[in-house]
Amino acid sequence: MAEKEEHNTSDTIEADVELLYEQGGVYVHRNGSNRNEDSVTVGLISVNKMRNDVFVEWQPGIQTDCSTSEHKTDPDWTQVSTVGYNSHKTNGCNSADGTVELKPPDTNRHLQISFDVKELKSYKLSKKKEGWEHITFIQRDGTTHPPLHFHAGGVPRFIDVLRQYVSVIRSCRDKHLYLVGEHEVNALKKSFNELQLFREQSTRLVNDVYRDPYSATLTGFAKVRNYLWENMVMQETRPREEIADILLTDPENIFVPGLSFRKDDDEPEFELICCELPSRPNVKRSEPLSHLEWNSHIDIDGRITNVDGLKEKIFKGGVCPAIRNEVWKFLLGYFDYNSTSKERTELRKKKLDDYFRMKLQWKSLSQDQESSFSTFRDYKSLVEKDTDRTDRTYPFYQGDDNPNISVLYDVLMTYCMFNFDLGYVQGMSDLLAVILVVMENEVDAFWCFVGLMERVKHNFDLDQEGMKNQLKKLSTLLHFSDNQLFTYLGG
């Protein structure tokens, strides 16, 4: 009878556990970073939710062929299927016929990691020179767990899942350190209970806030406003001088720009909060930076003064075409604002030698060398295609045998030698084409292009992470500026 009760209790606990994330192929390195059996232990990391608690667990000796149920795809870009919770009692993966392949028990069970996310104080996210990322968790009691190495990737997806349950900010002192905010759930519940503004239990309200902060906040805002209007304005239970002016006005003319309220026909107890952006301000573009103004920012040694004021002037009005080839060298990072004229002359000589040395490297490759250098051939083919597509209607690139097209090609190929990891990605030629028109010099155009790519290189990564982040920000802006269009596009 006791065994039956214990079995039922175990089944109940497992039924209450929801698997939020799971990934195999996560390693603990005991001695160094080399992948060999003496120095690494492979395991499986998971994020599980049991009732109102969320746990991060890593268990050694669990290796799955599928690696992870979620991290291979980005849920913001690819639809994934729901995966149920798999008990870690089975050390293995489900095979094609539905059976479970058991792995031999690991002798390193003492390395097992398990903690509640509410106990997490911070974590460090670093990248090894071999290319993979690793995470070190630090708990509030000072416990520091061994680093978990994600050899097969998947860290961004794991962090996304973790951030759904904890508030994370990046340390201003250490770019690899992320601080986790303390949970204030109990205090929040107590505050709601004491206010007694809501009919539902505070637990449900707090859970709604954490699950969908945007909708829960707007719903709560509408209820607070109803409460204040019915209990303070209509009945005037408090002295009139103690009531905010906004609550004494007609509800249809509340003095909040773009904010209005109206009854919801489907749910009369609620009010819909409508927010419209105010009219676009009439902003006039300033005059471009002139040659005289530019000279006023250069001191006797050639250093640029009042850089912030200079950038603001350029932001509002641009740069006069006659001095763009000089100003852009600073804006694109070719020259330092604090450098003297003499230092810039010496730097340019060095950059001139560096450029032609790199150009000679790819120019001197023989056909036999190219035939066994597939990556170089791929870059070369892409550059040839894109430079041939350059807009020939612009005077600088007009004509079939225009030498500027050849210069464009040479600069892009040299950049491949300068940054071979990134190489060439479609779209780079369009950026360089504008710089070359302004600089009218091969070497200057190259180093200005290098400075520009240092800023926007993440837009050309193969994982498209930079583009995805920009599109997410655009989605957020659209959500607030035109919610109807946002909803129409599928949110």
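Me: Is L111 buried or exposed?
Reply: L111 counts as buried, because its relative accessibility is 14% and the cut-off for buried is under 20%. Keep in mind that this is a predicted model.

Me: Where does L111 lie?
Reply: L111 sits in the loop between β5 and β6 (113–116). The C-alpha atoms of L111 and P60 are 6.9 Å apart. Along the chain, those two are 51 residues apart.

Me: What about confidence, which element has the lowest mean pLDDT?
Reply: Strand β5 (residues 100–102), with a mean of 38. Helix α9 (residues 324–331) has the highest, 95. The chain averages 75.

Me: Where does pLDDT stay under 50?
Reply: Residues 231–238 are one such stretch. Residues 242–255 are another. Where pLDDT is low, the predicted coordinates should not be read in detail.

Me: New topic. How many salt bridges are there in the whole structure?
Reply: A search finds 14. One of them joins the side chains of E293 and K313, at 3.8 Å from N to O. E293 is in helix α7 and K313 in helix α8, so the pair ties together parts 20 residues apart in sequence.

Me: Which residues are linked in a network of salt bridges?
Reply: K359, K363, D410 and E442.

Terms used
Residues are numbered from 1 along each chain as its sequence is written. This is a predicted model: local features need pLDDT of at least 70, side-chain atom pairs count only at pLDDT 80 or more; totals for chains, interfaces and linings use all residues. Side-chain values use heavy atoms; hydrogens and water are left out. pLDDT is the predictor's confidence in each residue, from 0 to 100. Helices (H or I, at least four residues) and strands (E, at least two) are DSSP runs, numbered from the N terminus. Contact means heavy atoms within 4.5 Å. Buried means under 20% relative accessible area, exposed over 50%, partly exposed in between (1.4 Å probe, protein chains only). A salt bridge is a side-chain nitrogen of Lys or Arg within 4 Å of a carboxyl oxygen of Asp or Glu.
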